[in-house]
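Please look through the structure below slowly, and keep it in view while you read the paragraphs that follow.

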Amino acid sequence: MSEKTIKYAELVDLVSLQTLMDDLHRVIGISNAIIDTDGIVITNAGWQDACVKFHRVNHDTCSNCIESDTALAEKMLQGETFAIYKCLNGLVDSAMPIIVDGQHVANIFTGQCFIEPPDLEFFRGQARHCGFEENSYLQSISKVPVIPKQRLETITKMYAQLAQAFAKHGADRLRQKQAVAELAELNNELNRRVEERTEQLIQNNQQLLSEKRALAASEARLSALFKNMSSGVAVYRASDDGRDFIIIGFNKAAERIEKITRKQLIGKKLTEMFPGIFEFGLLDVLRRVAKTGEPEAFPPAFYRDERIQGWRENYVYKLPGGEIVSIYNDVTERKLAEKALHLTQFSVDRATECLYWVAADGRVQFVNNTACQILGYSREELLDFSITDIDPYFPAKHWPEHWQELKQKGSLKLETMHRCKDGREIPVEVAANYLVFEGLEYNCAFVRDISERKALQAELERQARIDYLTGIANRRYFMEQGEAELARNDRYGNPLSVLMLDIDYFKAVNDNYGHAAGDQALQKLGCILVEVLREIDIPGRMGGEEFAILLPETGLLKAIEVAERLRSVVANSSIIVESEQELCFTVSIGVATLTDKNSNIGDLLNLADKGLYQAKHSGRNKVCSFSPQ
């Protein structure tokens, strides 16, 4: 292959290479292109809108782009192993040569990026000079990644090595095919010469000697090629009417692959030495090729017997003399790697927790299916996001501090909110882990939706504050709110009043109508309190049929007015008990207003309770206030 010019496009599967370069761009976030030495674009991925929609469509800026491409290409032709160039349009490109078998076959270009934060004033000026729509142009500039020069060189080198690996693999396969063709050609040449020399033997003994020398030279070349091929080569002769095959040739690579020597195999039947050949499927291919003469490629399949096992890839053809040749490779490592990759991807995508790989700049590099399903975004959409796009309460300016804390501690656990595509915000628990992979830093974060847990906590907290029967504050929560109101009163000096009330003759209600009727009366009273009182007023059940009400910003006269309104509403209401009877009930209410700044909520309730006592002992269904002497 080294004697003629190598074309890069002839060495690779262009569709697979383009797909890979697209995937790498989505993961790494840097534009890339492979251009051969004739200037033909082999692949390109992720070109920036700033270049495609603006620089390349304007005459002046397009000239700058061409100058950048030309400068980088010239440096590659001059033998430089890495070149970086900041074009006149303000963006940075880099390039590395792709070398195959000592030949410079193409260049890998990366970039359309910045190696330091961009000067937006420069780009505003360029927008005005070139007639670009400024907002759209600056938005496209904001999408251009900032990549440190050292990392850009590392990524470009990785792209170049990957492109060279693809090309080298293709070159090896091309060399293999050439070797097969040369082997067939040598055999044809051998047969032709043997026939020619046989005819000439009768005419000239000297000519026969010359032909023998030529034949020996051809055989030496054929033998050297056979022995030194990197792929395994086995040569068979059909036996048992084509049902089986005798092994007549086996090169060193085949000995290494099959862990057996040539001496152990030559002259033996294929089915005897490789009993797993039936299940493997190669025997049927050998029979067809022997019968039809048409070569066949046998894709990777798994071979197993009591001695060896592994994945084999075969190419089978028939020699003019009738021998069957199988050229094959052990692809076990490749298949195991593919299986491990598929298993890992399968497991990650079916995990119940969201998985995010986040780069050091806060941008998302990978997400699993669970994250897409919970947030409602496609994977492509999420890979364009940073953490601040997902977490609405995490300012971008706090990311560097968060990143340093994660690096220092190695892992962090926190609770926050994530915003879904439909606008919903869900509470999540994040387990962040600092990792370094292939020289790059990442935050590998496992994220769990804790909506149900938060809802349960909220319900438990609500139940701890609310009286189960009436739906208003229980005694403990009422007392906490009372102390809070006293503190607010002490700070701002606003008036504060308290009502104490209970249902008149409540024991008679329970005795005459049953405890269910008593519960109905308590519930009815709780509903009346919620309906009549203001939002800032705080009603609470203190126990049994006894209730209390905090009236913030309310003096004594206003508190008495509120109490009278409550008393009247209760007196004019009724409930229907189980016996279908209508039951009416009344309440007695005591009123007290805070006058002593040193009083606590208990003191104020005691004053109101004394007013309640007066109301009950002066006929009930009354409102009485009590003021300390």
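Predicted model: local features only at pLDDT ≥ 70, side-chain atom pairs only at ≥ 80, totals over all residues.

Strands, in the naming used here, are runs of at least two residues that DSSP marks as E, and they are numbered from the N terminus. Apart from neighbours within four places in sequence, the residues in contact with Ser 497 include Ile 549, Leu 551, Ala 559, Ala 592 and Thr 593.

Strand S16 takes part in an open sheet of 5 strands, whose order is S17-S18-S16-S21-S22 and whose pairing is mixed. At the edges stand strand S17 (538–543) and strand S22 (623–625), and because each has a single partner strand, one side of each is left without a neighbour in the sheet. Neighbouring strands of this sheet are turned by 20° against each other on average, with direction ignored. Strand S17 pairs with strand S18 (residues 546–552) in the antiparallel sense over 5 bridges, and the partner that Gly 540 finds in S18 is Ala 548. Helix H23 packs on the sheet, where it touches S16, S17, S18, S21 and S22, and its direction makes about 140° with that of S21.

The loop between strand S21 (587–593) and helix H23 (601–617) holds Leu 594. This residue counts as buried because its relative accessibility is 15%, and, when residues up to four places away in sequence are not counted, it touches Leu 486, Asn 489, Leu 496, Ser 599 and Leu 604. Between Leu 594 and Ser 142 there are 62 Å in space, C-alpha to C-alpha, and the two are 452 residues apart in sequence.

How is the protein divided into domains? The division gives domain 1 (8–176), domain 2 (229–336), domain 3 (351–453) and domain 4 (466–625), and the C-alpha centres of domain 3 and domain 4 lie 50 Å apart.

Strand S6 (residues 232–239) is joined by 5 bridges to strand S10 (residues 324–330), which runs antiparallel to it, and in S10 the bridge partner of Tyr 236 is Ile 324.

Finally, consider helix H3. Its 19 residues (59–77) should span 27 Å at 1.5 Å a residue, and the end C-alpha atoms are 27 Å apart, so the two values agree. At the start of H3, a side-chain oxygen of Asn 58 comes to within 3.0 Å of the backbone nitrogen of Asp 60, and just after the helix Gly 79 takes a positive phi of about 95°. Among the buried residues of H3 are Thr 61, Cys 65, Leu 72 and Met 76, and what covers the buried residues includes helix H2 (49–54), strand S4 (92–100) and helix H4 (120–130).

Definitions and conventions:
Residues numbered from 1 in each chain as written. Heavy atoms only, no water. Helix = DSSP H or I, 4+ residues; strand = E, 2+ residues; numbered from the N terminus. Expected span 1.5 Å × (residues − 1). Buried < 20%, exposed > 50% of the residue type's maximum accessible area, 1.4 Å probe, protein only. Contact = heavy atoms within 4.5 Å. Polar contact = N/O pair within 3.5 Å; in protein donor to acceptor, adjacent residues only side chain to side chain. Pairing = 2+ DSSP bridges. Domains from an automatic or database assignment. Axes fitted to C-alpha atoms, helices over the stretch in contact; angles between N-to-C directions.
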